[in-house]
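Hi,

Here is the structure I promised to pass on. Have a look at it first, and then read my notes below.

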Amino acid sequence: MMDLSRAHLESFLEMMSAERGAANNTLESYQRDLDDLHLFLKGRKVALTAATPGDLTAYLAHLTAQGFAASSQARRLSAMRQFYKFLYAENLRGDDPTSILDAPKKQRSLPKILSEDDVTRLLTLAATEAETEGPGHLQRLRMLALLEMLYATGMRVSELVSLPAKVLDQEGRFLMIRGKGNKERLVPLSRSAIRALAAYGQARAAAEKAGLAESPWLFPSAGKEGYLPRQVFARDLKDLASRAGIRAASISPHVLRHAFASHLLQNGADLRVVQELLGHSDISTTQIYTHVLEERLRQVVETHHPLAKSAKNPD
C-alpha cells in the first residue's frame with residue numbers, strides 16, 4: 001500500500017496556515033518536529049499516519065534518551081496531537097493515538113536563594129540608610145521595615161505590602177497573616193523586625209500629623225489599591241541590592257522568602273514548622289527546599305571530603 005504520510009503532512013500544514021492562521025515559524029517548527037517523528041517511525045517500519053500509541057510513546061522515550069528537555073518534548077507532543085487530531089477529523093484514520101499520552105513532566109526548578117551573608121549585607125545597608133535623616137527618610141525606614149518583616153516571617157510579597165495599619169497597634173512578637181484562600185496563620189517577628197516596624201510607625205505617624213493623608217494600610221500608596229505595589233517594592237529592593245554589591249538579577253521579594261525557608265532548614269528547623277510559617281497547604285511544596293540543602297551538602301562533600309580531594313588530585 002502506498003504511504004501517503006508525506007501528502008497528509010502537507011495537507012495538515014496547509015490547514016494550519018489557511019484555517020488557523022499559523023505563523024511561518026510555527027509551521028516550520030511543526031514540519032521539523034513531524035519530520036523527525038516520521039524518520040523515527042521509518043526506522044520502525046511504521047508509516048507516520050499509522051503510528052500507534054506505543055510507537056509514539058517509544059518516540060518520546062527516544063527523545064528522553066537523546067537528552068531532550070521536558071519542555072522540548074512537550075512541544076513535539078503538541079505538534080503530534082495537532083497532526084493526529086487533524087487525521088481523525090478528516091477521517092484519514094479512525095482514532096487519535098495521542099489521546100492517551102501523558103505530557104512529559106517538567107523537572108521542578110530549584111528556587112533561587114541568597115546566602116546568610118548576602119542577607120546580612122542587605123539588612124545592614126538598609127539599616128544604615130534608614131539612619132540618614134532628610135528627604136526620603138520615611139521611604140528608607142519603610143524599606144528597612146519591609147525587609148526585616150519579610151526575612152523574619154517569610155511572607156508572600158502580596159501579604160506583606162497589603163498589611164493593615166492596625167499592625168502598628170499590636171503588642172508582642174507574633175503577627176497574624178491572612179494568606180491564600182483567606183486562611184490565617186500566626187508568624188513570629190524577630191526583635192530587629194519589631195524595632196524596624198516601630199521606627200517606621202513613628203515616622204509614619206509624624207508624617208500624618210504633618211499633612212500626609214491617613215490610610216488603613218501599613219504601607220500606603222497613591223495607587224488604585226491604596227497600598228504599596230509589589231512591583232515598586234521589587235524595584236527598590238533591586239536598587240538596594242546593587243548598592244550592597246549584590247547582583248540585582250539574583251534578588252526579588254520572593255527570593256527573600258526562599259532565603260527565609262532555606263536558612264531555617266539549614267539551622268535545624270523542622271520541615272512541618274517551615275510549611276506552617278510559609279502558609280503552604282501541601283508539604284510537597286515545602287519539600288523543594290530540602291532539595292536545595294541536598295545539593296549544597298553534595299557540593300560540600302565533593303569540595304571538602306578527603307576521598308573527593310584525592311580523586312581530583314591523583315598521584
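**Helix α4 and its surroundings**

Ala70, Gln73, Arg76, Leu77, Ala79, Met80, Phe83, Tyr84, Phe86 and Leu87 are the buried residues of α4, where buried means under 20% relative accessible area with a 1.4 Å probe, protein chains only. They pack against α1 (5–18), α2 (24–43) and α3 (53–65); a contact here is heavy atoms within 4.5 Å. Helix α4 itself covers residues 70–89 and reaches 28 Å from its first C-alpha to its last, close to the 28 Å expected at 1.5 Å a residue (1.5 Å times one less than the number of residues). After α4 comes Asn91, with a positive phi near 60 degrees.

Please keep in mind that this is a predicted model: local features need pLDDT of at least 70 and side-chain atom pairs pLDDT 80 or more, while totals for chains, interfaces and linings use all residues. Residues are numbered from 1 along each chain as its sequence is written, and side-chain values use heavy atoms, without hydrogens and water.

For the chain overall, there are 14 helices and 2 strands (DSSP runs, H or I of at least four residues and E of at least two, numbered from the N terminus). Of its 315 residues, 39% are buried. Among contacts with a separation of 6 or more, 59% join residues 24 or more positions apart.

I hope this helps you find your way around!

Best wishes

Notes: Buried means under 20% relative accessible area, exposed over 50%, partly exposed in between (1.4 Å probe, protein chains only).
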